[in-house]
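Subject: Handover of a structure

Dear colleague,

Please find below the sequence and structure that I am handing over to you.

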Amino acid sequence: MVPFTLKVQNIVVVGKVMNEDSVGLEAADVWFGGTRIGTSTNADGIFYLRSPYPQKTLLVSVVGYKGRKIKLNYGHDEMIEVMLEEDVSLLDDIVVLPNNKNTFLVFK
């Protein structure tokens, strides 16, 4: 019997999510595609993700912007910048309905 050790290498992806003016976007959701491994960006748009397995894609979304799917360098750590475009069509789909007790947002 020959003993061996299995080395688990964590994959780390660090990056920044920004708008078209290069301003960091706070509270953007960032996760590895097909997994439950995810996080949210901080006040400067910075995120940090770690996975015990190689990952192929990174998904990014935040309200008011078009989501993105980023292809990763499979099996390697990465530092990336993600630029998101404003989704102006979303603003046309929100209707505010006042009520005596509350205000409701209705998404069409």
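**Overall architecture**

The protein chain contains 1 helix and 9 strands. Please note that this is a predicted model. Along the sequence, the elements follow the pattern β-β-β-β-β-β-β-α-β-β. The chain has 108 residues, of which 26% are buried. Among its contacts with a separation of 6 or more, 44% are between residues 24 or more positions apart.

**The three-stranded sheet**

An open sheet is formed by 3 strands in the order E4-E1-E7, and its pairing is mixed. Strands E4 (46-51) and E7 (78-83) each have a single partner strand and stand at the edges, so one side of each is left without a neighbour in the sheet. From one strand to the next, the twist averages 25 degrees.

In general, the strands of a sheet pair through backbone hydrogen bonds, in either a parallel or an antiparallel manner. Both arrangements can be located here. Strand E1 (residues 11-18) runs antiparallel to E4, and 6 bridges join the two; within this pairing, Ile11 has Ser51 of E4 as its bridge partner. E1 and E7, by contrast, run parallel and are likewise joined by 6 bridges. In that pairing, Val17 stands opposite Val82 of E7.

In soluble globular proteins, nonpolar side chains tend to be buried together. The largest nonpolar core in this model has 16 residues, and the members that touch the most others are Val17, Phe47 and Leu58. At least two residues of this core come from each of E1, strand E2 (29-32), E4, strand E5 (57-61) and E7.

Val17 deserves a separate entry. Leaving aside residues up to four places away in sequence, Val17 touches Val23, Gly24, Leu25, Ala28, Val30, Thr41, Gly45, Phe47, Val60, Val82 and Leu84. That list includes Val82, the residue that Val17 stands opposite in E7. It also includes Phe47, which is one of the core members with the most contacts to other members.

Yours sincerely

Note on methods. Residues numbered from 1 in each chain as written. Predicted model: local features only at pLDDT ≥ 70, side-chain atom pairs only at ≥ 80, totals over all residues. Heavy atoms only, no water. Pairing = 2+ DSSP bridges. Helix = DSSP H or I, 4+ residues; strand = E, 2+ residues; numbered from the N terminus. Axes fitted to C-alpha atoms, helices over the stretch in contact; angles between N-to-C directions. Core = buried A, V, L, I, M, F, W, Y, C linked by side-chain atoms within 4.5 Å. Buried < 20%, exposed > 50% of the residue type's maximum accessible area, 1.4 Å probe, protein only. Contact = heavy atoms within 4.5 Å.
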